[in-house]
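Here is a short report for a first look.

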Amino acid sequence: MARDYDLTPKRVPRVETLFRRIVTDFPVPESIPILQRLQAYEPVAMRGQPPVVWHRAEGFQVYDAWGNQWIDWSSGVLIANAGHGRPEIAEAIQRQAAAHLLTNYCFPSEIRSRLVERMATLLPEPLKKVFLLTTGSETVECAIKLCRSYGAKAGGRGKHVIVSYDKSFHGRTLGSQQAGGIPSLKEWIANLDPGFVQIPFPDGYRTADNSFDGFVRALHEHNVEPRNVAGVILETYQGGSAAFAPVEYMQALRQWSTAHQALLVCDEVQAGFGRTGTLWGFEHYGIVPDLALFGKGMASSLPIAAVVGRPDVMDLHPAGSMTSTHTGNPVCCAAALASIDLVVGENLAGKARQTGRVLHNLLRSASTRFPQIGRVDGKGLVAGVACVVPGTKEPDGGLASDVVDRCVEKGVLMFCPVGFGGGTVKISPPLVISEAALVESVAVLEEAFAEATVASSAARPSSAARQ
Ligand code: PMP
C-alpha cells in the first residue's frame, strides 16, 4: 500500500543540473499549508503520493512554485505521452473553449465525429466502432457489459464468466475492481460476483509456467467450462510490474477466444498511444483483440477514454442505451485530436522504442549490480524494476518506497508503487524525454538504490516492522 507521508520538512542535499533543481527542504515549508488543506478536506485515501505540489509541467519536467524542478518519470500516471503542457494541445483546448461549445452530451458534434473517425482509422480491423467515455474504469465496466451481452446472445445466460488475471488492475468501480486481481483492494465488496475469475498471469517470473496450457489448467481448477466464458480481459502489460505475456501465449489465447466465442479484451489504458514503442500495445503480440480500452495517454492531458471494438459487438445495445454525460466532451475531444496528431506526427512510438532501448539496457546493467533487483520488465518507455529480498522473489515494498522517496528528493519524480506488495519501482516518463535526461535519471535511480540498500541492511533486524 502507498504511504501517508510525514509533512515535517527535512533538509535534503541541493541539486542543480540542466534537468533537475532541488533548492529547498522537502516537503517545501511554504507548501505545507496547501498539503494540510488537502489533508483537511480530502479523504485519507487520496494521500500516498510524494508531497510535491505541482505548479507547472512542460515536456518531461515538473516544476513547483518554489524553484524546484524534476525529471518526470510518472507522466502524471502515464497520461502525458506527448509531453506535459504541449502548446499544440493547450491551443486546441483554447480554440475549442473560444468557440463556446463546452459540452453537448450525446447530441452530435463535429469534433466528436472527427475523433471517433481518427481512432477508427488508426486502429486495425475489426476495431472500427468507438464509444467515448471519461475514465479507464468506465471503459472496463462497458467491456464487462459488452462481454456479458455478447455471451448471452452466443450461449445463453450461463455464458457470463469474465476471466482476468491475478495482480491486474482495471479500476476502482464495482465491476472493474472485481475484474482486477489484487484481493486486498476487493475486501470492501461484500458479495463478490462468482462470475469473475482470476488466473495466474504468464510473466515467466512470478508465474513460472508461462505456457498456454496454464490458461486451460487454471480454468479447469476454477471449475470454469470454456463454453461459459463470455470474455477474457487483460492489461496488455501488467500495470503493477510492467510484465508482458509471451507472444505464443497471446496468439493461442486469441485462437482460443475465437473458438469459444469469448471476447478478447485488451485493457490498453496504460499501453496505448505509443507508450510501449508501438502505437498500440497489442501489436507486440501480433494479435488484434475484439475490444480495446483506452484512457490515460489519449489526450496527454484532459480526461477522456474510449472503448473501441468490433462493430457487431459495439452495436449490441439499442439506441440510447450506452450513454455517458461527458461522452466526447468537445474540449476533451480537441485535446485528444491534438495529442494524437503529436503522437503520430512525431512518431513518438518510434521514439519510445529507441529511447526505451537505452532505458532497458541501463536498467539491465543496474540489475547486475544490485541483487535487490529481482527482475526488470517492460518495453519502450515503461519499465518495472522489481525490488526483492536478495536471493528470493519476495517483493520488498519497503525498499521500493525508499528508492522512490530518495529519487524524488534528488529531482526524479515518480509515483509511489501500489499493488502486489508495492515492490515495483515504475518508470514511465513522457515519450518526449531526451536521451540525456533519461541517462541522468537512471544514474539517480542507481544512486538511490545504493543508498536505500545500505540503509535497509543497516536496519535489517527491524525491517519487518516497516512493511
Ligand atoms: N486499466 C488500467 C490498465 C489502468 O492502469 C487504470 C488506472 N491506473 C485503469 C484501468 C483505471 O483507469 P481510471 O483511473 O481512469 O478509472
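The shell around the ligand holds 2 nonpolar, 6 polar and 3 charged residues. Here Ala, Val, Leu, Ile, Met, Phe, Trp, Tyr, Cys and Pro count as nonpolar, Asp, Glu, Lys and Arg as charged, and the others, Gly among them, as polar. The model is predicted: local features need pLDDT of at least 70, side-chain atom pairs count only at pLDDT 80 or more, and totals for chains, interfaces and linings use all residues. Residues are numbered from 1 along each chain as its sequence is written, and side-chain values use heavy atoms, with hydrogens and water left out.

Among the residues around the ligand are Phe169, His170, Glu235 and Asp267. To be near, a residue needs a heavy atom within 4 Å of the molecule.

A polar contact is a pair of N or O atoms within 3.5 Å.

| Protein atom | Ligand atom | Distance |
|---|---|---|
| Glycine 136, polar backbone atom | oxygen | 2.9 Å |
| Glutamine 270, polar side-chain atom | oxygen | 3.0 Å |
| Lysine 296, polar side-chain atom | nitrogen | 2.9 Å |

Taken alone, the ligand exposes 390 Å², and the protein buries 80% of that. These areas come from the Shrake-Rupley method with a 1.4 Å probe.

Now to threonine 453. It lies in helix 13, residues 435-458. Helices are DSSP runs of H or I, at least four residues, numbered from the N terminus. Threonine 453 counts as buried because its relative accessibility is 9%, and buried means under 20% (1.4 Å probe, protein chains only). A polar atom of its side chain lies 2.7 Å from the backbone oxygen of phenylalanine 449.

Terms used. Helices (H or I, at least four residues) and strands (E, at least two) are DSSP runs, numbered from the N terminus. Buried means under 20% relative accessible area, exposed over 50%, partly exposed in between (1.4 Å probe, protein chains only). A polar contact is a pair of N or O atoms within 3.5 Å; within protein, one must be able to donate a hydrogen and the other to accept it, and residues adjacent in sequence count only if both atoms are side-chain atoms.
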